[in-house]
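Colleague: I have the model open next to the sequence, and I'd like to go through it with you. Could you take my questions as they come?

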Amino acid sequence: EALLLWREDVACALGTMPGLCVPTELLVSMAALRPTTKGALQRIALILPEVLADGPYDAQALAIVAESVAADGGTDDAGAKERKDGDEKEEKEGEGDPEEKEVS
């Protein structure tokens with residue numbers, strides 16, 4: 001709900017319709033995946049609307065999501081996936097050199 005209100009405020013400030021400012025589908029994805037960084041936001045939508053590409057509005061939207069994450073006492077889903085992917089990568093890298101494996 002906070003993202004919808006934010007979008008209405010931004011649309012009014014820019015003199016445009018809310019749906020043209022940021023598509024509803026993107027707001028739904030943001031609410032579900034909860035990106036708290038610009039990188040996480042770009043993984044949701046590779047091509048961001050101009051409003052979220054640069055400037056004060058992207059920081060405002062990410063702050064709203066971060067506030068929601070903090071209120072829930074949890075982590076953002078996009079960040080959790082990023083950390084999980086990083087852990088899996090470290091595990092694969094830590095498997096060692098195949099020549100070091102014991103031959104039976």
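Colleague: What is the volume of the largest pocket?

Modeller: In this predicted model, the largest pocket has a volume of about 230 Å³. Of the 14 residues that line the largest pocket, Glu1, Ala2, Leu3, Ala31 and Ile64 are the closest to its centre.

Colleague: And which elements give two or more residues to that lining?

Modeller: Those elements are H1, H3 and H6, and the largest share of the lining, five residues, comes from H3.

Colleague: Let me step back to the whole chain. How many helices and strands are there?

Modeller: The chain has seven helices and zero strands, so that its elements, read from the N terminus on, run α-α-α-α-α-α-α. Buried residues make up 26% of the 104 residues, and, among contacts with a separation of 6 or more, 55% are between residues 24 or more positions apart.

Colleague: Back to H1, then. Which of its residues are buried?

Modeller: The buried residues of H1 are Leu3, Trp6, Arg7, Val10 and Ala11. They lie on the same side of H1, because they cover an arc of only 135 degrees around the axis. An α-helix has 3.6 residues a turn, so residues three or four places apart point the same way.

Colleague: What covers them, and what is on the face turned away?

Modeller: The cover of the buried residues of H1 includes helix H2 (18-21), helix H3 (24-33), helix H5 (50-53) and helix H6 (56-72). The face of H1 turned away from the buried side carries Asp9, Cys12 and Ala13, which are exposed.

Colleague: Where is Met17, and is it buried or exposed?

Modeller: Met17 sits in the loop between H1 and H2, and it is exposed, with a relative accessible area of 56%, because exposed is taken as over 50%. The C-alpha atoms of Met17 and Arg7 are separated by 9.2 Å, and these two residues are ten residues apart along the chain.

Colleague: Changing topic to H6: how far apart are its end C-alpha atoms?

Modeller: The end C-alpha atoms of H6 are 25 Å apart, which agrees with the 24 Å that its 17 residues should span at 1.5 Å a residue. The buried residues of H6 are Asp58, Ala61, Leu62, Val65 and Val69, and, seen down the axis of H6, these fall within an arc of 95 degrees, so they line one face of the helix. On the other side of H6, Pro56, Glu67, Ala70 and Ala71 are exposed.

Colleague: And what covers that buried face, and what follows the helix?

Modeller: The cover of the buried residues of H6 includes H1, H3, H4 and H5. H6 is followed by Gly73, whose phi is positive, near 70 degrees.

Colleague: Asp58 was in that buried set. What does it touch?

Modeller: Asp58, which is found in helix H6, is buried with a relative accessible area of 10%. Leaving out residues up to four places away in sequence, Asp58 touches Lys38, Val51, Leu52 and Ala53. A polar contact of 2.7 Å joins the side chains of Asp58 and Lys38.

Technical notes. Residues are numbered from 1 along each chain as its sequence is written. This is a predicted model: local features need pLDDT of at least 70, side-chain atom pairs count only at pLDDT 80 or more; totals for chains, interfaces and linings use all residues. Side-chain values use heavy atoms; hydrogens and water are left out. Buried means under 20% relative accessible area, exposed over 50%, partly exposed in between (1.4 Å probe, protein chains only). Helices (H or I, at least four residues) and strands (E, at least two) are DSSP runs, numbered from the N terminus. The arc is that of the directions from the helix axis to the C-beta atoms. Contact means heavy atoms within 4.5 Å. A polar contact is a pair of N or O atoms within 3.5 Å; within protein, one must be able to donate a hydrogen and the other to accept it, and residues adjacent in sequence count only if both atoms are side-chain atoms. On a 1 Å grid over the protein atoms alone, a cavity is a set of points where a 1.4 Å probe fits but cannot get out, and a pocket is an open set with protein on both sides within 12 Å along at least five of seven lines; lining residues have an atom within 4 Å of a point. Grid points are joined across faces, edges and corners, and a volume is the space filled by probe spheres set on the points. The expected span of a helix is 1.5 Å times one less than its number of residues.
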